[in-house]
Amino acid sequence: MLIKSIIDPQNKVWKSASLPEPTRVLDERIAWLVTDALKQVITQANGTGRPIANWCSDPRVAAKTGTTGNTNGRVNSAWVAGYSPDLVTIVYIGGDDYEQAIVAGSRDVGGGTLAGAVWGRFMGKAQQILPNTPEAPMPDGIIKLEICTSTGEKATFRCPDELRQEEYFLQEFAPEQSCSEHGGSWFQPGEGKPWWEILFPNLFKP
Ligand SMILES: [Zn+2]
């Protein structure tokens with residue numbers, strides 16, 4: 001945690017910290033991909049942070065939810081840690097000793113539903129007075145591909161619509177194989193030639 005300064009309501013500065021020069025600790029591409037993944041926690045229909053969208057419509061926010069002790073409908077703690085380009089906010093709901101249940105007897109609650117309501121309301125209000133800093137642009141070295149979620153390989157035209165999904169990848173780790181479950185071998189036979197040139201080798205000769 002970083003406290004820059006402590007200021008009272010009369011604007012008197014009681015304590016002030018000198019800030020170190022910022023240094024890069026993470027490849028900017030990794031930071032961008034993690035943010036993209038954590039946005040989906042909120043935006044995807046099955047995301048654990050989906051309830052946040054009811055309170056905060058800012059498309060820049062990204063978050064991770066957490067729940068502990070949720071066996072047999074018992075929840076010991078619920079939390080959300082997340083950020084926008086302007087603000088980092090963490091909400092924790094639970095006892096000091098991590099032992100006491102905050103909810104018992106319900107299966108459908110967790111970090112997203114309990115702490116998410118607090119987090120989303122706070123971020124929604126806070127963004128109204130923050131400077132609305134634009135998001136970092138996508139760095140070079142990331143590519144966008146449509147994949148088949150069944151195999152994680154490149155989608156072919158035979159992959160059903162409900163399994164297709166656009167995802168971002170580090171260039172060096174992007175899948176190269178077409179979906180093996182939905183006809184991938186037809187699109188990528190040996191030698192890198194498309195199937196029609198394998199089946200009809202003379203057809204396209206000049
Ligand atoms: Zn497929």
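Predicted model: local features only at pLDDT ≥ 70, side-chain atom pairs only at ≥ 80, totals over all residues.

Is Gln171 buried or exposed? Gln171 counts as exposed because it has 10 C-beta neighbours inside 10 Å. It lies in the loop between strand 7, residues 164-170, and helix 3, residues 184-187. Setting aside neighbours within four places in sequence, Gln171 is in contact with Gly141, Ile142 and Ile143. Its C-alpha atom is separated by 9.0 Å from that of Lys144, a residue 27 positions away along the chain.

I turn now to the overall arrangement. The protein has four helices and seven strands. Read from the N terminus, these elements follow the order β-β-α-β-β-β-α-β-β-α-α. Of the 206 residues in the protein, 20% are buried. Among contacts with a separation of 6 or more, 56% are between residues 24 or more positions apart.

Next, the nonpolar cores. Which residues touch the most other members of the largest nonpolar core? They are Val61, Ala63, Val80, Ala115 and Trp119, in a core of 17 residues. At least two residues of this core come from each of helix 1 (28-43), strand 3, strand 4 and helix 2. Helix 2 gives the most, with four residues. A second, separate core has five residues, including Ile147, Cys148, Cys159 and Cys179.

Helix 2 deserves a longer look. This helix covers residues 111-127 and bends by about 35° at Ala117. Its buried residues are Gly111, Gly112, Thr113, Leu114, Ala115, Gly116, Trp119, Gly120 and Met123. Against which strands do these buried residues pack? They pack against strand 3 (62-68), strand 4 (77-83) and strand 5 (88-94).

To close, I set two residues side by side. Gln171 is exposed, whereas Ala115 is among the buried residues of helix 2. Thank you for your attention.

Terms used. Residues numbered from 1 in each chain as written. Bend = angle between axes of the 7 residues up to and from the residue. Buried ≥ 20, exposed ≤ 12 C-beta atoms within 10 Å, placed from the backbone. Contact = placed C-beta atoms within 7 Å. Core = buried A, V, L, I, M, F, W, Y, C linked by C-beta atoms within 7 Å.
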